[in-house]
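Welcome to a short tour of a protein model. Take a look at the structure below, and then we will walk through it topic by topic.

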Amino acid sequence: MGYDGRDPRFYHYRQDHPDPHWYAYPHAYPEWLPPEPPRPAPPEPPRRRPRRGVRKLIRFFLAVTIRVFCVAAVLIGALFVYYTFTYPDPLGMRPQGTGPVIRIMARDGTPLAERGVSRDYIPLDMLPPHAADAVVAIEDRRFFDHPGVDPFGLVRATVANARAGRVVQGGSTITQQLVKNLFLSSERTLERKAEEVLMAIWLELRLSKRDILELYLNRVYFGGGAHGIEAASQRYFGKSARHLTLPEAAVIAGLLKAPSRYAPSASPVQAIARGRVVVEKMREAGFIGDDEAAAALAAEIRFSPLMRVPGQPEMAYAVDLVLDAASRFENADNNEIVIETTLDAALQRRAAETVERSLAERGEALDASQAAIVVVGPDGGIRALVGGRSYADSQFNRATRAHRQPGSAFKPVVYLAAIEQGLAPDSIVEDAPITAGSWSPRNENGRNVGPTTLRNALAQSINTVAVRLLLGTGVDAVLATARRLGMTAPLRRDASLALGTSEVSLLDLTGAYAAFANGGYVNAPYAVRQVRTGAGKVLFQRIDAKSGTAISPAAVAAMDDLLGAVVTDGTGRRAAIRGRRVAGKTGTSQDYRDAWFIGYTDELTAGVWVGNDDGRAMKKVVGGTLPAEIWREVMTAAVERTHPFSSPTGTVGDVESVTKALDEARSRKRKQDSETQPASQPPSDQARGESSVTPEGRILVMPPPQSQQP
């Protein structure tokens, strides 16, 4: 057979193609072409092995990491063993029985407050499920998932706090809170926080989740003196925690964030509002459905009529102080504990009412939102204490816990140190510009009067004189004087100390002034006189022991003279009480952030502070305005019901020795002053009061008769 012109390479694929000439154009019909054989994949390039130095570095870091983890594991294991043998069995620390009823009595024996501290232990199985669910939902939603520490919660809290610029969320789990309640103190340090984390993990290894939650519910503080969910239920709702409804359980769970603030006994409205937040959290966590949440939010909540103690809003700050001081006797009796105090119920109410009314009438206009007052007797016994405008709004006690700059109210400490080194009220000092290092203090009015008496310098609160006295007396001498007067706060060691730049508490500063009022001896302010059981067993009895004389009789007389001039002729005129001898000192910190008046009569010493919690400046409120007016109103009510104070025997010395010492000191200073006093001294600055000594040994300094005053 001959060749017909067809390409034999394609002919065998399709002989019946409709196009007889398809073989001439095979690439026009690609579907008929034979498949191409697969091409081999290109060889992979050889991987580059890391250099020898990099390999060594990687091995080094791996080895270090493994060693660190091994050492940490050994140390943590050793700590866990230490905790196991050092701390008692957590389940053995369940509250046992019922705590006592605490009765707080005024100085005249009338009841001030009553606190129940029931400690009945309720097993978790006996509680309604929503009681535990409410606590988990609001306090630690991942409680059943984490090993005692919740990293997600810590990160969330850190981010929220960073955005807010303050602490708005906490990252502690229920286990961590229980550890702090059982074993640790409440101090805020990194070391304690680290120990809390480790002990939380240790506790999770020892106990089940149910045991931890049960122990937590029976130990945690719910405000109002109630420890444990059973005590809280009895106090706020008058029934056992076994019968709590969902909205009631939500209210109790909501107290854990701030027990004193949200406690129904302090603010039922805030307690209910907080409970609604808990209900929403329970719904978000899936513990309850939408219908249950809606029913709980619409339900009416009724609190026990016995929840509030009569007069508690006015007594609350003082009662908290008493309970803190007597807390160590709480477990001494299971039935009743009676605490006798130094508090005057009528004066306490008057002080609280005065603070509230004064701020309500003038606080907004002056941009002053808070005030505090302390009244102490000659022996240091606290007669009244108000720590803020409203206990329901804030339980922070500004009289004892707040530390603020006293301004010129600190100057009497400087003047006392100068008096004890030989100066007298009539001594001439120079009011002129002065520089201490790179600091040049200025007077409030921007002027200097030149030579003036010590009396006038304190009465007019001249800054340059106070700094000059401190530099001449020595910072160490002033610091020692402050400590001798009972001031315990850290104090600066520079010239600005003279102007009150070191922060102190109102209670400490008032206690220091009391030494000027009671003849020169110092007693730390106190509120508890006796603690006894209901059966009469005395657990604590304060001994009426007097300290040694901290200020000499001559110095007491001089300070009476100086501080009396502040009220009669100086910045404290608004504190004057008709017919009563009043002595004291005003104080104002920089930019009007704090305003003070501390003063005394023959019977009592009192201190008043006015300001804002956030340190915001007020509208030119100084110590001689609103604080002095509050002081006068409270002290006027106080002295109307008291008799003039007589110094206890032996605190000042006998009359003859006191008079002799006083006369010698003044004679010596009169001679010294006559040699240095310029002829141009203004007559008003030379005026001086007359001193006398009572039969009991108390030194009194009275202003000269009106006819003798220029």
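The largest cavity is lined by eleven residues, and those nearest its centre are Pro378, Ala517, Glu603, Leu604 and Thr605. A cavity here is a set of points, on a 1 Å grid over the protein atoms alone, where a 1.4 Å probe fits but cannot get out, and lining residues have an atom within 4 Å of a point. This is a predicted model, where local features need pLDDT of at least 70 and side-chain atom pairs count only at pLDDT 80 or more, while totals for chains, interfaces and linings use all residues. Residues are numbered from 1 along each chain as its sequence is written, and side-chain values use heavy atoms, with hydrogens and water left out.

**The chain as a whole**

- The protein chain holds 23 helices and 14 strands; helices (H or I, at least four residues) and strands (E, at least two) are DSSP runs, numbered from the N terminus.
- Of its 710 residues, 50% count as buried, where buried means under 20% relative accessible area, exposed over 50%, and partly exposed in between (1.4 Å probe, protein chains only).
- Among contacts in the protein chain with a separation of 6 or more, 69% are between residues 24 or more positions apart; contact means heavy atoms within 4.5 Å.

- Three cavities of 30 Å³ or more are present in the structure, and the largest cavity holds about 50 Å³ of space.
- A volume is the space filled by probe spheres set on the grid points, which are joined across faces, edges and corners.
- The second largest pocket has a volume of about 1000 Å³, and of the 34 residues that line it, Ser408, Asn443, Glu444, Asn463 and Thr588 are the closest to its centre.
- A pocket, for its part, is an open set of points with protein on both sides within 12 Å along at least five of seven lines.
- Strand S10 gives the largest share of the lining of the second largest pocket, with three residues.

**The five-stranded sheet**

- Five strands make an open, antiparallel sheet in the order S5-S4-S12-S11-S10; two strands pair if DSSP finds at least two bridges between them.
- Strand S5 (382-386) and S10 are at the edges with a single partner strand each, so one side of each has no neighbour in the sheet.
- From one strand to the next, the twist averages 5°.
- S11 pairs with strand S12 (residues 605-611) in the antiparallel sense over seven bridges, and Gly607 in S12 is the bridge partner of Ile598.
- Helix H20 (residues 553-569) lies across S10 and S11, at about 60° to S10.
- Helix H21 (residues 626-639) lies across S4, S11 and S12, at about 145° to S12.
- For these angles, axes are lines fitted to C-alpha atoms, for helices over the stretch in contact, and angles run from 0 to 180 degrees between N-to-C directions.

**A hairpin**

- Strand S8 (residues 528-533) and strand S9 (residues 538-541) pair in the antiparallel sense over three bridges, with Gln530 opposite Gln541 in S9.
- Four residues lie between S8 and S9 in this hairpin, and Gly536 in the turn has a positive phi of about 105°.

**A buried helix**

- Helix H19 (residues 506-517) has twelve residues and reaches 17 Å from its first C-alpha to its last, close to the 16 Å expected at 1.5 Å a residue; the expected span is 1.5 Å times one less than the number of residues.
- Twelve of the twelve residues of H19 are buried, including Leu506, Tyr513 and Phe516.
- Just after H19 comes Gly519, with a positive phi of about 100°.

**Residues in loops**

- Most residues other than glycine have a negative phi.
- Asp367, not a glycine, has a positive phi of about 55°; this residue is in the loop between helix H14 (345-366) and strand S4 (370-376).
- Asp591, also not a glycine, has a positive phi of about 60° and is in the loop between strand S10 (583-588) and strand S11 (594-600).
- Asp367 counts as partly exposed because its relative accessibility is 23%, and Asp591 is partly exposed at 45%.
- Arg389 is in the loop between S5 and helix H15 (411-420), and its relative accessible area of 30% makes Arg389 partly exposed.
- Leaving aside neighbours within four places in sequence, Arg389 is in contact with residues including Val355, Glu356 and Ser369.
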